[in-house]
Amino acid sequence: MFRLQGSKVLAVDVTGDAVKAKNGSMVAYDGQMAFKKLSGGGEGVRGMVTRRLTGEQMTVMEVRGHGTCWFADRASEINLVGLQGDKLYVESSNLLATDAGLRTGTTFTGLRDASQGNGLFTTTVEGHGQAAITSDGPAVVLRVSAQYPLTVDPGAYIAHQGNVRQSLQSGVTFRTLLGEGGGEAFQMRFEGDGLVYVQPSERNTIAGDV
């Protein structure tokens, strides 16, 4: 159902089932389509509470019909992630689209990037199907294993999946190690067995001002 046309446009063949996508990301469609705006930040009461606490802006639309829709988001790179009953944790601003077999929600991950609403809670996607996530530049997929835990700059983090434990570390920063000031006050540490998606560009985070 999901296929890339180039690296910055997602084509979705819709055959009656609902596809959820970031509001305003559709650039073209053919066939017969119906569109419905949904509130984001997760489903149900918990999602409502999450949005109130974080101010997280995750406005999505539901697309139904028969035909093909094309999606893009500010010329960002698009990455396809296949889920087989597992869960994907992704920053809401990086989630472009999910197919009908996936459910979205929210989970608490600690104080990170709270100035932009990305970090008190992270969006979750689970089930069987495909998700499309965006990145500023080509995303890099890094393996986490029991032998090799991974430390990531919070501004470069996009998503992770698998049996992975996430924690925040304060103190020494990447830029402090390089003898530069004004760097991230926190690092993200991942342990276990899974994958972490990072982008070759840093978003502004609250930690950068600490």
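Colleague: Which residue of S7 does Ala 21 stand opposite?

Modeller: Strands (E, at least two residues) are DSSP runs numbered from the N terminus, and two strands pair if DSSP finds at least two bridges between them. Here Ala 21 stands opposite Ala 97 in S7. Strand S3 and strand S7 (residues 95-98) run antiparallel and are joined by two bridges. This is a predicted model, in which local features need pLDDT of at least 70, side-chain atom pairs count only at pLDDT 80 or more, and totals for chains, interfaces and linings use all residues. Residues are numbered from 1 along each chain as its sequence is written, and side-chain values use heavy atoms, with hydrogens and water left out.

Colleague: How many bridges join S3 to S5?

Modeller: Four bridges link strand S3 (residues 19-22) with strand S5 (residues 60-71), and these strands run antiparallel. Within S5, Val 60 is the bridge partner of Lys 22.

Colleague: Which residues of the largest nonpolar core touch the most other members?

Modeller: A nonpolar core is a set of buried Ala, Val, Leu, Ile, Met, Phe, Trp, Tyr and Cys residues joined through side-chain atoms within 4.5 Å. Buried means under 20% relative accessible area, exposed over 50%, and partly exposed in between (1.4 Å probe, protein chains only). The largest core has 15 residues, and those touching the most other members are Phe 2, Leu 10, Val 12, Phe 71, Leu 96, Ala 97 and Ala 132. Two or more residues come from each of strand S2 (10-15), S3, S5 and S7. The largest share, four residues, is that of S5. A second, separate core of twelve residues includes Val 81, Leu 83, Val 90 and Leu 102.

Colleague: Is Thr 134 buried or exposed?

Modeller: Thr 134, in strand S9 (residues 121-135), is buried, with a relative accessible area of 3%. Contact means heavy atoms within 4.5 Å. Beyond its neighbours within four places in sequence, Thr 134 is in contact with Asp 73, Ser 76, Glu 77, Ile 78, Asn 79, Ser 93, Asn 94, Leu 96 and Ile 158.

Colleague: Where does Arg 74 lie, and what is its phi?

Modeller: Most residues other than glycine have a negative phi. Arg 74, however, is not a glycine and has a positive phi of about 50 degrees. Arg 74 lies in the loop between S5 and strand S6 (77-90), and counts as exposed at 71% relative accessibility. Ala 75 is found in the loop between S5 and S6; its phi is positive, near 60 degrees. With a relative accessible area of 52%, Ala 75 is exposed.
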